[in-house]
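Biologist: I'm new to this one. Could you show me how to read a few of its features?

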Amino acid sequence: MISNEVNKILMAVLFTCLGLLTLNITAGALFSPKMPEKPGYEIAVQDKAGAGQPAEQAKSEPIEVLLASSSPERGQAAAKACLACHTVEKGGASKSGPNLYGIVNRPKASGSGFNYSAAMKAKGGNWSFEELNKFLADPRADIPGTAMSFAGVKRDSQRADLINYLHTLADNPVPLPKAAEAQGTKQDSK
């Protein structure tokens with residue numbers, strides 16, 4: 001008699017489990033979740049680079065004026081952040097960024113041993129003082145699609161110090177532009 005009662009209890013548990021399993025399979029078929037193509041959350045952020053850039057550049061002094069009061073020693077200290085991704089010695093290997101030795105007046109995307117992004121290859125031109133200034137201020141705004149994930153050097157004086165240091169990294173450094181010439185061309189355009 002006891003075994004008969006135990007069998008009834010075990011059958012009730014078994015049919016309950018079977019009913020729950022059937023319910024789970026049916027619910028899964030009816031209400032299947034849509035899996036995202038890319039896992040994670042999309043965070044909508046207003047792009048400030050495009051909107052604020054022209055006003056920011058308008059109040060900024062020309063790079064020639066900034067370079068006149070810059071210091072390569074301060075630039076070397078500022079370049080320590082760059083050394084996480086770049087090397088600066090002659091013939092240095094590329095890391096996640098290209099070697100920066102001789103960067104001033106070098107054609108863009110021309111460093112050997114580095115695979116540049118398509119956006120950088122398409123940009124063309126040379127790394128002049130002005131081009132370096134624009135790029136270092138906000139790399140992604142200057143060359144959209146660049147692989148450089150650095151946010152940029154926002155302070156004009158620190159950027160000028162860094163560019164002054166970079167120009168010294170060459171066998172024959174390019175001379176710094178004269179601030180007086182920049183002031184003269186600025187007055188001529190008025």
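Modeller: Let's start with Ala-77, which sits in helix H4 (residues 72–78); helices are DSSP runs of H or I with at least four residues, and strands are E runs of at least two, numbered from the N terminus. This is a predicted model, where local features need pLDDT of at least 70 and side-chain atom pairs count only at pLDDT 80 or more, while totals for chains, interfaces and linings use all residues. Residues are numbered from 1 along each chain as its sequence is written, and side-chain values use heavy atoms, leaving out hydrogens and water.

Biologist: How is Ala-77 classed, buried, partly exposed or exposed?

Modeller: Buried means under 20% relative accessible area, exposed over 50%, and partly exposed in between (1.4 Å probe, protein chains only). Ala-77 has 46%, so it is partly exposed. Its C-alpha atom is 9.8 Å from that of Gln-158, 81 residues apart along the chain.

Biologist: What describes a pair of packed helices?

Modeller: The angle between their axes and the distance between the axes. Here, the axes of H6 (residues 129–137) and H8 (residues 156–168) come within 10 Å and cross at roughly 130°. Axes are lines fitted to C-alpha atoms, for helices over the stretch in contact, and angles run from 0 to 180 degrees between N-to-C directions. H6 and H8 are therefore oblique: under 35 degrees is roughly parallel, over 145 roughly antiparallel, 65 to 115 roughly perpendicular, and the rest oblique.
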